[in-house]
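Welcome to a short tour of how two chains meet and how some of their elements pack. Have a look at the structure below, then read on.

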Protein chains: 2
Amino acid sequence: MPELRKDPISGRWVIISVERGKRPSDFAARISAKKGGFCAFCEGNERTTPPEIMAFRPAGMSSNSAGWSLRVVPNKFPALSIEGNEDRVGDGIFDQMNGLGAHEVIIECPDHHHTLSTMPLKSVEDTLWAFHHRINDLKKDKRFKYVLIFKNEGEEAGASLEHTHTQLIALPIVPQLVEEEIYQSKQYYSYKERCIFCDIIRQESASGKRVISENEHFIALAPFAPRSPFETIIMPKNHESSYMQNNHYPQLAHILQHTLKQIDKVLYMPPYNLMIHTSPFKDEQNAYYHWHIEIIPKLTKIAGFEWGSGFYVNPVPPEESARFMREVEV
Amino acid sequence: MPELRKDPISGRWVIISVERGKRPSDFAARISAKKGGFCAFCEGNERTTPPEIMAFRPAGMSSNSAGWSLRVVPNKFPALSIEGNEDRVGDGIFDQMNGLGAHEVIIECPDHHHTLSTMPLKSVEDTLWAFHHRINDLKKDKRFKYVLIFKNEGEEAGASLEHTHTQLIALPIVPQLVEEEIYQSKQYYSYKERCIFCDIIRQESASGKRVISENEHFIALAPFAPRSPFETIIMPKNHESSYMQNNHYPQLAHILQHTLKQIDKVLYMPPYNLMIHTSPFKDEQNAYYHWHIEIIPKLTKIAGFEWGSGFYVNPVPPEESARFMREVEV
């Protein structure tokens, strides 16, 4: 019998369709080999991107030249514009505002052929620091209420360039999905006076059946009600409402890269999306919300049922995906 | 400057990214030609589907045999199971229930190579009647709270079989997206004492800039804040809260097929998803909600930004998509 499961954080229901149960090898969505060719993100082509916002390179070297280990540049084709104000206006029944926002690209590594799972661990750690620096800087701009960090790996997951990179969008409004998570977390907190994420970590650690891995400070889990097969969530084990409170970068880099290596090995390098959810600027330190990283391998299609209902149909129970991940050697 | 627009019905914000402005020919997602071969939905293969639930065929002919013009059969690989009860249970912090539901397939036409836009208009009209009959029948089962009707055309839109078909899922809970639309519609109604959809129709008819077509009883619009390029909504012009109140099938069949022909012509037969949203059984006749059909051509990818935020980035303003649709000859 299929199961309907409710995600306690988003309030979203998913259908775990065991009768349609699939093994990892049933998903053929491997990332095509990177073809190479001219690439604006490769070392030596620094002048073909907009001027860099920040970079890690040895002291004394000039910006926008070779020798860097990580660069952050404005997106050349930004979804939002950094100029102006939000200027909210109505048009009869409709509401709109200027598409104000910052859209930046974090190039984690100069090597065209690496991904987050294959690059040196030091590059992953530097990337996590770069997120910290950029959020800290963008927070000073009072027009912004939230910074969303996300990564699309592979064309099928929405990447338009082969060279691996993460994106950051600073927004004048808190995204709807974050608002929904905060709403549910606050409801839970007002009832229990405990963080819902902390309670989930306690319950999952005790049962162990959806735990993928853990180290001193972080835990990787298959969520109870995942939207997608092999969806994974990484959370700090102690309560931290904001990514900005995190100061265990080596451990976070390690569990993140380890998780991505497991995904690559079990699913043959699938395209994936990665997102960081953290508390909005206006209430960054709180007791009810808990920052986390979500990873969604791109294995199933969003179709009419999902578009029409907001439900997701997932053919792999998270207990099974967690077991596959735990058992693979990386 | 890009625009942030809010959809008044779902409360969802979208980014209309005019700088990334695209013309219809920039979207290459044409449906691959149907290959044919053995097909369980073709005439003569009736015994290879589960036994039919209903069919349109000349009087006196036996069921599950050739000669039909439309068939409804149970889905051979249902996402939900028709047996049992919902049996809600908790597991610590988590909630789940049995995956109870009906999952049916409406085969609109025996011809393997037709789609809703090419089949005889009579078949489209019969399909709309079949929806009515099936909802009416499933409503009698008190375990169900909602029936979602949806169609995936083309592999990229999630269709696993070439032969065109629509699906129906009866659910023990009202889908989250429908609940959200109802919530917003009720809020508006409690403030204005008018249906928000009726107000949108009035405003859109007056301005005309997002109107695609209309006939005596229906209007097709590009929504003010579409998630996807060329998203289209078809609504009855007079207030109807439920699809079951609709009794203008010839006119609905006509505007639906005409809209799909326009989409096929402008976008070179794209894959698409189609969904019907209607009032849940428990309050089917009301003053605040308005049933409608949503059509989403599959032209863009859901990537990390959308997964993480619930925002959508749409590179085609609806004023432009409506103009392309109005101007094409079909």
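This is a predicted model: local features need pLDDT of at least 70, side-chain atom pairs count only at pLDDT 80 or more; totals for chains, interfaces and linings use all residues.

A crossing of two helices is called right-handed if the near helix is turned clockwise from the far one by less than a right angle, and left-handed if it is turned anticlockwise.

**A helix pair within chain A**

- Helix α1(A) passes α4(A) in a right-handed crossing.
- α1 covers residues 121–139 of chain A and α4 covers residues 249–267; their axes come within 9 Å and cross at roughly 115°.
- On the α1(A) side, the contact is made by Leu121(A), Val124(A), Glu125(A), Leu128(A) and Trp129(A).
- Facing them from α4(A) are Tyr249(A), Pro250(A), Leu252(A), Ala253(A), His254(A), Leu256(A) and Gln257(A).
- Sorted by class, this contact between α1(A) and α4(A) has nine nonpolar, two polar and one charged residues.

**How the two copies are related**

- Chain A is superposed on chain B by a rotation of 180°, with 0.0 Å of shift along the axis and an RMSD of 0.0 Å.
- The two copies are therefore related as by a two-fold rotation axis.
- If you want to find that axis in chain A, look for Ile302(A): its C-alpha is the nearest one, 4.1 Å from the axis.
- Both copies use the same surface, as 100% of the contact residues of chain A recur in chain B.

**What the contact between the chains is made of**

- Chain A gives 56 residues to the contact, and chain B gives 56 residues.
- Several elements of chain A each supply at least two residues to the side that touches chain B, among them the strands β1 (3–6), β2 (13–16) and β8 (146–153) and the helices α2 (176–192) and α3 (196–207).
- By class, that side of chain A has 30 nonpolar, 17 polar and nine charged residues.

- Five strands form an open sheet with mixed pairing, in the order β5(A)-β6(A)-β1(B)-β2(B)-β15(B).
- Its edge strands, each pairing on one side only, are β5 (89–91) of chain A and β15 (312–314) of chain B.
- From one strand to the next, the twist averages 30°.
- Within chain B, β2 (residues 13–16) and β15(B) run parallel and are joined by three bridges, and Val14(B) stands opposite Tyr312(B).

**Another strand pairing across the chains**

- β1(A) and β6 of chain B (residues 94–98) run antiparallel, joined by four bridges.
- In this pairing, Lys6(A) stands opposite Asp95(B) of β6(B).

How values were computed:
Residues are numbered from 1 along each chain as its sequence is written. Chains are lettered from A and ligands numbered from 1 in the order in which they are written. Copies are superposed by least squares on the C-alpha atoms of residues with pLDDT of at least 70 in both. Two residues are in contact if their C-beta atoms, placed from the backbone, lie within 7 Å. Ala, Val, Leu, Ile, Met, Phe, Trp, Tyr, Cys and Pro count as nonpolar, Asp, Glu, Lys and Arg as charged, and the others, Gly among them, as polar. Two strands pair if DSSP finds at least two bridges between them. Axes are lines fitted to C-alpha atoms, for helices over the stretch in contact, and angles run from 0 to 180 degrees between N-to-C directions.
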